[in-house]
Amino acid sequence: MFPSLTDTLSAFKEDMLSGVIPARAMTSLEVLIMGYSLAISLAMIFTVIAVASSFGSVVLTTLVSMFNPLPALAILPLALLWLGVGTSAIILVMIQAVVWTVSMNTFAGFQAVPETLRMAGQNFGLSRISYIFRILIPAAFPYILTGLKIGWAHAWRTLIGAELVFGVASRSGGIGWYIFENRAQLETAHTFAGLLTVIIIGFLMENLVFRVIERRTVLKWGMMR
């Protein structure tokens, strides 16, 4: 019930070398990329509408206040009913987990752009596209990046949780299903190996993706310390 660190690392090594963990992790990451990308796209659409008009702002704020507190896994029964057990249902749950957080952070970023910076961009005579991409987006990017990081964390947690409930979404199932299978078979060391995999992937995403983006943008621009 309580495997030692040596047992856990041994199980992790065994399933890494056999290809079980890499295959399960790749299955989960493929679904994650699809769900996360769709959620980000929807969040951008909501943000554009909110920035474009005060009515859009009210609509987004209302939607966020309604749906952001709703746990993503709470819509599991509806996802099962509408889409069945599979990748589509998991993606629906992930969208609910991500879209509102990213939308609100991005919208808050655009609202926080200083008026003097807006006026400076207008005084330079920039076109609307140049004004957006050279003034507004860089100024709001700390908020946008924070939203993306929080959204990623929500998506990863929700994916693993959904896989634990949904089971096999495609091929042999993802890392969440790997954890569930080993728990059901009382292979506790392998269950911990699955949890270790989840932690490692999260750590790598934070340090090899988001940290690199942060260094090359907001830290380079002097917007964060």
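Trainee: Why is Phe-180 called partly exposed?

Mentor: The model is a predicted one, and in it Phe-180 has a relative accessibility of 28%. Partly exposed covers the range between the 20% limit for buried and the 50% limit for exposed, so Phe-180 belongs in that class.

Trainee: What makes the pair of Trp-177 and Phe-180 stacked?

Mentor: The ring centres of Trp-177 and Phe-180 are 4.9 Å apart, and a pair requires centres within 6.5 Å. The angle between the two planes is 20°, whereas stacking requires under 30 degrees.

Trainee: How are Trp-177 and Phe-180 placed along helix H8?

Mentor: They are three residues apart in H8, and therefore about one helical turn separates them. An α-helix has 3.6 residues a turn, so residues three or four places apart point the same way.

Trainee: Is Trp-177 buried or partly exposed?

Mentor: Trp-177 has a relative accessible area of 18%. The limit for buried is under 20%, so Trp-177 counts as buried. The buried residues of H8, which spans residues 175-184, also include Ile-175, Gly-176, Tyr-178, Ile-179 and Asn-182.

Trainee: What makes Arg-183 a charge over the ring of Phe-180?

Mentor: Arg-183 lies at 5.2 Å from the ring centre of Phe-180, against a limit of 6 Å. Arg-183 is also placed over the face of that ring.

Trainee: How many aromatic pairs does a search of the whole structure find?

Mentor: The search finds four aromatic pairs. One of them joins Phe-46 and Trp-100, with 5.4 Å from centre to centre and 25° between the planes. That angle is under 30 degrees, so this pair is stacked.

Trainee: Why can the pair of Phe-46 and Trp-100 be said to tie parts of the chain together?

Mentor: Phe-46 lies in helix H2 and Trp-100 in helix H5 (residues 87-111), so the pair ties together parts that are 54 residues apart in sequence. Ring pairs also link Phe-46, Phe-67 and Trp-100 into a cluster.

Trainee: Why are helices H2 and H3 called oblique to each other?

Mentor: The axes of H2 (residues 20-52) and H3 (residues 54-67) cross at roughly 135° and come within 6 Å. Roughly perpendicular ends at 115 degrees and roughly antiparallel begins over 145; the two helices are therefore oblique.

Trainee: Which residues of H2 and H3 meet?

Mentor: From H2 there are Phe-46, Ile-49 and Ala-50, and from H3 there are Gly-56, Ser-57, Leu-60 and Leu-63. By class, this contact has five nonpolar residues, two polar and no charged ones.

Trainee: What makes Ala-39 buried?

Mentor: Ala-39, in helix H2, has a relative accessibility of 0%, so it counts as buried. Not counting residues up to four places away in sequence, Ala-39 touches Ile-95, Val-98 and Val-99.

Trainee: How do you know that Thr-8 is buried?

Mentor: Thr-8 has a relative accessible area of 9%, and the limit is under 20%, so Thr-8 is buried. Thr-8 lies in helix H1 (residues 5-18). Leaving aside neighbours within four places in sequence, Thr-8 is in contact with Pro-3, Ala-189, Phe-192 and Ala-193.

How values were computed:
Residues are numbered from 1 along each chain as its sequence is written. This is a predicted model: local features need pLDDT of at least 70, side-chain atom pairs count only at pLDDT 80 or more; totals for chains, interfaces and linings use all residues. Side-chain values use heavy atoms; hydrogens and water are left out. Axes are lines fitted to C-alpha atoms, for helices over the stretch in contact, and angles run from 0 to 180 degrees between N-to-C directions. Helices (H or I, at least four residues) and strands (E, at least two) are DSSP runs, numbered from the N terminus. Angles under 35 degrees count as roughly parallel, over 145 as roughly antiparallel, 65 to 115 as roughly perpendicular and the rest as oblique. Contact means heavy atoms within 4.5 Å. Ala, Val, Leu, Ile, Met, Phe, Trp, Tyr, Cys and Pro count as nonpolar, Asp, Glu, Lys and Arg as charged, and the others, Gly among them, as polar. Buried means under 20% relative accessible area, exposed over 50%, partly exposed in between (1.4 Å probe, protein chains only). Rings of Phe, Tyr and Trp (its six-membered ring) pair if their centres lie within 6.5 Å; planes under 30 degrees apart count as stacked, over 60 as edge-to-face and the rest as tilted. A charge sits over a ring if NZ of Lys or CZ of Arg is within 6 Å of the ring centre and within 35 degrees of the ring normal.
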